[in-house]
Amino acid sequence: MLTWQLKSPDLKRYPHFDSELSVQDATALATNPVAVASHKFYPFMLYNNRWTRFAKKGEFGDVKTRPIRYASRADAYIFSYYRHQLSMAYEAALSKYGLSDLITAYRRIQDADGKGKCNIHFARDAFDRISALGNCCVVALDISGFFESLDHQILKAAWCDLLGVNKLPEDHFRVFRAITRYAVVEKQDVYRRLGYFGSKHNPTTGSISNGYLVPYKNMPRRLCSGQEFRQKIGGGDGSKSLIDVNLKTYGIPQGSPVSDLLANVYLLKFDCAVRKRVSDLGGYYYRYSDDILIICPGDEATGAALAAEVREMIKHHGSKLLIKEKKSSVFEFKATASGQACRLTEGTQGENGLEYLGFKFDGKRIFIRDSTLSNLYRKVTRSARYAAIATTKRYPGKGIAFLEANFDYEQLIEKFGRVQDFGEFGDDFRNWTFWTYARRAAAIFGPRGSSIHRQLRKFRKNVRERAIEELKRAVGKV
């Protein structure tokens, strides 16, 4: 069994309710079952990440909100250590049931050269299976509110099964309790209550607006003492408590170091059942977090029957677990002289080809998904806005022609957005820019991925145009 090892770069340095810990102290706490069994967990800090989903030209995309919760330092180290413990048992179970290469999210999976795979490799493997079968059906399903729907008793039973016990040890039960009956506090409410957020005066415009009163770099790492937490956050001073506790019998917080693994553990029996059913039909089953993909010999009718069967099967694993009808699709692939023809036979997701892990496959060519490109250009616009404001401040009073001539377009192209969601493992993936990512994807997909280059051929022009638009906006505001 690999030893859990906490290193200095792993230490949490963001503002929260507890003090910073050294590597030695954090390790001593997380690896001590007696200390964990009596540990008092702080609430998760919560904020919402909002963005507009991709929509066709002339339509408005839905506003998507993703709650981001992050634990206090000590809590995060404990969750991380117990994730490590459980992952060893989980990997053994996947190997036992023949699922090691099929459940791909939140795990370190190596290729033949010992390098870590990312979603590009997982998508390629699935598309290769489709091509190899020739005539086949593909079912793409999405679990609705995955983390928020996990039944606590089923999760507890799965946890016990993984450890081979009838009752969770006290330290494991403490972690289970912290992750199911978890508490959260709204970040902005906390900062306001502690005096770090509120009304402030803009000396340039004279307007009053709400905002952070202390720059992030000057924010104390420990936001308040234990007594202040009880008084100001917990409501001990007579004010309304900011702490919201999950009293439901289902749901775990997405974002904790252990939640992703627990979500996988929760569906182990489901994965085994679906994998066996699909294998009996000569097909393949893949799951990447809440995305399910089934590739099977057969036609439109076979795909429709499989989709309906899986929807019924998941009902036996928690009353809140549902397959999103809106994002469920069935495809029929038929072999042709030039590859395969892809036809959407059920659902609306993927009218121009199967969409999986950020890519689209039409039976012949592989593209970056439209919504992924939309996300890219949204990041470009945001980065261009910040850069334009900085440029106008650097050259006050200068006209738009001067600003355009002195704007650093190359720096913007390099910094427009790091790819953090596409590579699961290793610093090399996390340091990719989107351009690096696209080029790597085209190379990994081979001739079928040549269309990716054509999708981005106007990238530099588009970045420049957006930068100029933001410069004009910034000049108008100064």
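## Charged side chains in a predicted model

Asp-125 is partly exposed, with a relative accessible area of 21%; buried means under 20%, exposed over 50%, and partly exposed in between (1.4 Å probe, protein chains only). This is a predicted model, in which local features need pLDDT of at least 70 and side-chain atom pairs count only at pLDDT 80 or more, while totals for chains, interfaces and linings use all residues. Residues are numbered from 1 along each chain as its sequence is written, and side-chain values use heavy atoms, with hydrogens and water left out.

Side chains of opposite charge can pair when their charged atoms come close. A salt bridge here is a side-chain nitrogen of Lys or Arg within 4 Å of a carboxyl oxygen of Asp or Glu. The whole structure holds 22 salt bridges, including those in the table.

| Pair | N to O distance |
|---|---|
| Asp-260 and Arg-83 | 3.1 Å |
| Asp-125 and Lys-117 | 3.1 Å |
| Glu-332 and Arg-343 | 3.0 Å |

Asp-260 forms its salt bridge with Arg-83. Asp-260 lies in helix H9 (residues 259–266) and Arg-83 in helix H3 (residues 73–96), so the pair ties together parts that are 177 residues apart in sequence. Helices are DSSP runs (H or I, at least four residues), as are strands (E, at least two), numbered from the N terminus. Both Asp-260 and Arg-83 are buried.

Lys-117 counts as buried at 15% relative accessibility. A network of salt bridges links Lys-117, Arg-124 and Asp-125.

Glu-332 and Arg-343 meet in a salt bridge. Glu-332 is buried at 9% relative accessibility, whereas Arg-343 is partly exposed at 40%.
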